[in-house]
Amino acid sequence: AAIGLGVLAFESVAVRAREPELDAALAAAAAALRTGGAREEDVAATRAMYRRLGLDPTKTRPSSEALLRRVRKGDELPRINTLVDLCNWCSAEFQLPYGLYDLDRIEGDVELRLGREGEAYPGIRKDEVHVAGRPVVADRLGPFGNPSSDSARTMVTLETVRALVVVYAPRDQAARRLPAVLEVTAARVARHAGGVACHRAVLVAPPAV
């Protein structure tokens, strides 16, 4: 078993295309990431989690590391919409992959499992994301996210009012790190996107994942 999950569900979210109040905070976060800001041991731990899952983190890069590399090359943190921007900020800072989903586009219960042979989904601004043998979050309709790439089907838009945040963490760090990570994430969403956290949990994956 390699993965622990932090889970946050939000109600009453107000997603905006751009939130000017975030400009200074995200610029400061990017500046901090260029001069340190993210611990190298956290980068290494997430890479090690990928290797334990049978993934090469240099080919299938954790979304958190992809954000960090982008910022350290001189770019700013990407701006998509307020909720995505907030999760990208947290992901880059904590060096943990985040998944963000519209709860009203999810059908039935959500489970963490390994992708089955032939399973794939249209990614966000990407072609098909093939997930056979990889850890995925899935609902009644099939997989909709993994630690590297989420699906277009459940993506957060300006119409989103209920959201699910999933933080993927190395299993041996989950209980120690995730409560504080979820606390910061919930506070930022409440402040900048009006979201009320209605559910919060730290889960450890079954041995198969």
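Colleague: By class, how many residues in the lining of the largest pocket are nonpolar, polar and charged?

Modeller: The lining of that largest pocket has 13 nonpolar, 9 polar and 6 charged residues. Keep in mind as we go that this is a predicted model.

Colleague: Thanks! What volume does the largest pocket have, and which residues lie nearest its centre?

Modeller: Its volume is about 810 Å³. The lining comprises 28 residues, and those nearest the centre are S63, N88, R125, S148 and S149. Two or more lining residues come from each of α3 (63-72), α4 (82-94) and β2 (98-102).

Colleague: Which residues of α2 are buried, and what covers them?

Modeller: The buried ones are D42, V43, A45, T46, R47, M49 and Y50. Their cover includes β1 (3-11), α3, α4, β8 (163-170) and α5. Just after α2, G54 takes a positive phi of about 85°.

Colleague: How should I read a positive phi in general, and where does one turn up at a residue that is not a glycine?

Modeller: Most residues other than glycine have a negative phi. Here S12, which is not a glycine, has a positive phi of about 60°, and Q95, also not a glycine, has one of about 55°. S12 sits in the loop between β1 and α1 (21-34), while Q95 belongs to the loop between α4 and β2.

Colleague: Are S12 and Q95 buried or exposed?

Modeller: Exposed means over 50% relative accessible area, so S12 qualifies with 52%. Buried means under 20%, so Q95 is buried, with 1%.

Colleague: What does the side chain of R177 reach, and which residues is R177 in contact with?

Modeller: The R177 side chain reaches the backbone oxygen of F94 at 2.8 Å. Leaving aside neighbours within four places in sequence, R177 is in contact with D42, F94 and L96. D42 is one of the buried residues of α2.

Colleague: And what separates the C-alpha atoms of R176 and L5?

Modeller: These C-alpha atoms are separated by 12 Å, with R176 and L5 171 residues apart along the chain.

Definitions and conventions
Residues are numbered from 1 along each chain as its sequence is written. This is a predicted model: local features need pLDDT of at least 70, side-chain atom pairs count only at pLDDT 80 or more; totals for chains, interfaces and linings use all residues. Side-chain values use heavy atoms; hydrogens and water are left out. A polar contact is a pair of N or O atoms within 3.5 Å; within protein, one must be able to donate a hydrogen and the other to accept it, and residues adjacent in sequence count only if both atoms are side-chain atoms. Contact means heavy atoms within 4.5 Å. On a 1 Å grid over the protein atoms alone, a cavity is a set of points where a 1.4 Å probe fits but cannot get out, and a pocket is an open set with protein on both sides within 12 Å along at least five of seven lines; lining residues have an atom within 4 Å of a point. Grid points are joined across faces, edges and corners, and a volume is the space filled by probe spheres set on the points. Helices (H or I, at least four residues) and strands (E, at least two) are DSSP runs, numbered from the N terminus. Ala, Val, Leu, Ile, Met, Phe, Trp, Tyr, Cys and Pro count as nonpolar, Asp, Glu, Lys and Arg as charged, and the others, Gly among them, as polar. Buried means under 20% relative accessible area, exposed over 50%, partly exposed in between (1.4 Å probe, protein chains only).
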